[in-house]
Amino acid sequence: MISQAWLQFKYSWKIWIFSLPVFITSAFIINMCLTNYFNFINSSWINDDILANTQLFFIPILFGSIMIPIVLKNTVREILNGLRKQNILQVILGLTPEYLAILSGIELSIASTVGTILGSIISTPFAQMFYNFFVSTQGSHQFPPMTIKFSFQSFIITLLLITIVTFYSGYIRSRRTFYKIQKNIENMSIKSNDRFYYTKVIVMLILNIAIIAYFLSLLPERLGINAFGILSILLIFLEIIAISLLIIVCGKIILLIFSKTFNIISNRFKLSLLNLATYNINDNDDIFKRIYIPVAIINIFISGFSSLLIDLPDGGDSGTRTSNMVVFLSAPILITVANTICMMLLLQEKETFEMKQLFILGLRPLDIFLKKELEILIYSFTTLIISLTCNFVLSLMFVRITQLFNKTMVWINIWLPSLLLSLAIFVLMSIVAMIKVIYTKWDILEFNIDTDF
């Protein structure tokens, strides 16, 4: 089985290699944190009083693990989409979904092993920079200056952890996919709607409403100021998680609503390029689910935790608050960036084929670029509205706490990250679209020259 998985991996290595950014980034974060941890506890400078500071090394891993399941789900799904024809043929030839799922898990583990080795090598020099950051922000009395060396223990733990998680994720996700393929082949059907979709939406809405209602029912006079503050922060953290899950479930519906609105505008004013853009969005929502929804979630994380760490009292001095921001948010941001790169690589073949079709139909490069810009604008606008709406819900919770502690709510901490990230993803995707249009144009011209000869 392992030899067959290796052969299939070598045959489709270009698809599997596109998943490397996710694994490199995950290994980079985990190995960097564990390297600092093992160097810290094994140092002769460390005593029992400052040993408790080791918890800061594990916070990036903890918060990064919140985004990893979302990213791995997207990665496995897109890889299976790229290998769909091969997978259907294998099911028709009689291979069981269980067997194919194990093969996919092994192939994903091979890719994760390569990514882990690369990420661990890259993380070694950055581990020293990460520790020096703690020394400068927390003080040398909390983190004594030391030289961070490569840790074989951290490398083995990182390799085993990522390999086990990716094998399990690949197995579970691909197993469902292969059973659906088998069922569709037996029924001669390609329909694959989620029967429990609306149930999930209702459950997520009820969960968010319940958390907010319980938060509003809390009385500081009955609980005491300190207990109320701790419980409120815990509920805000839970609401950030719950509202992120709601975005994952409801993001598609929200996108279709905005797409339909722009479609009505395009029909009313006879804007053909906008009409084509809305049609592509309705026909294929993979880009939004794989790239923009994680960006919307990270918007919530940045806005929520920046307010938790800056606006609320007892957060320490400016250095402590800065280091806490980096510790809490660096890992989710890096993983989201890696997911964006990974998804652009996995989706590029589909987008290139679409652009070639438009070139063949006679559209000018400028028209194709404008069509892509309109798509990106709708995606980014939807992401911005989702982020601002969710941040408004969170801001109501923050206002109540800041008023209790006689502090003024800094609204820019809630709104500015969403605006900047939505603008950043718009600019990034626009640059990528421009490069793809130029590359596809030259590819078409070279093809025409070859056929003329």
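Biologist: What does contact mean here?
Modeller: This is a predicted model. Two residues are in contact when their heavy atoms lie within 4.5 Å.

Biologist: Which residues is Glu107 in contact with, leaving aside its neighbours within four places in sequence?
Modeller: Glu107 sits in helix H6. At 3% relative accessibility it counts as buried, because the cut-off is under 20%. Its contacts beyond those neighbours are Ala5, Gln8, Phe9 and Trp16.

Biologist: Where in H6 does the kink lie?
Modeller: Helix H6 covers residues 97-138, and its end C-alpha atoms are only 52 Å apart. A straight helix of 42 residues would reach 62 Å at 1.5 Å a residue. The kink is about 40° and comes shortly before Pro125, at Thr124.

Biologist: Is Lys270 buried or exposed?
Modeller: Lys270 is found in the loop between helix H10 (225-269) and helix H11 (272-283). It has a positive phi of about 55° although it is not a glycine. Its relative accessibility is 73%, and the cut-off is over 50%, so Lys270 counts as exposed.

Biologist: Which residues does Ile247 touch, leaving aside its neighbours within four places in sequence?
Modeller: The largest nonpolar core has 98 residues. Ile247 is one of the five that touch the most other members, with Tyr131, Phe143, Ile291 and Tyr292. Its contacts beyond those neighbours are Ile293, Ala296, Ile297, Ile300, Ile386 and Cys390.

Biologist: Which residues do salt bridges that share partners join into one network?
Modeller: Glu375 forms a salt bridge with Lys371, at 2.7 Å between the closest N and O atoms. Glu375 also meets Lys372, at 3.5 Å from N to O. Lys372 counts as buried, at 6% relative accessibility. The network joins Glu354, Lys371, Lys372 and Glu375.

Biologist: Why do Lys371 and Glu375 point the same way?
Modeller: Both lie in helix H14 (residues 365-404), about one turn apart. An α-helix has 3.6 residues a turn, so residues three or four places apart point the same way. The separation of Lys371 and Glu375 is 4 residues.

Biologist: Which helix has the lowest mean pLDDT?
Modeller: The protein chain averages a pLDDT of 81, and 88% of the residues score at least 70. Over residues 188-192 the pLDDT is below 50. Among the elements, helix H3 has the highest mean, 90. The lowest, 72, belongs to helix H5.

Technical notes: Residues are numbered from 1 along each chain as its sequence is written. This is a predicted model: local features need pLDDT of at least 70, side-chain atom pairs count only at pLDDT 80 or more; totals for chains, interfaces and linings use all residues. Side-chain values use heavy atoms; hydrogens and water are left out. Helices (H or I, at least four residues) and strands (E, at least two) are DSSP runs, numbered from the N terminus. The expected span of a helix is 1.5 Å times one less than its number of residues. The bend at a residue is the angle between axes fitted to the seven residues ending there and the seven starting there. A nonpolar core is a set of buried Ala, Val, Leu, Ile, Met, Phe, Trp, Tyr and Cys residues joined through side-chain atoms within 4.5 Å. Buried means under 20% relative accessible area, exposed over 50%, partly exposed in between (1.4 Å probe, protein chains only). pLDDT is the predictor's confidence in each residue, from 0 to 100. A salt bridge is a side-chain nitrogen of Lys or Arg within 4 Å of a carboxyl oxygen of Asp or Glu.
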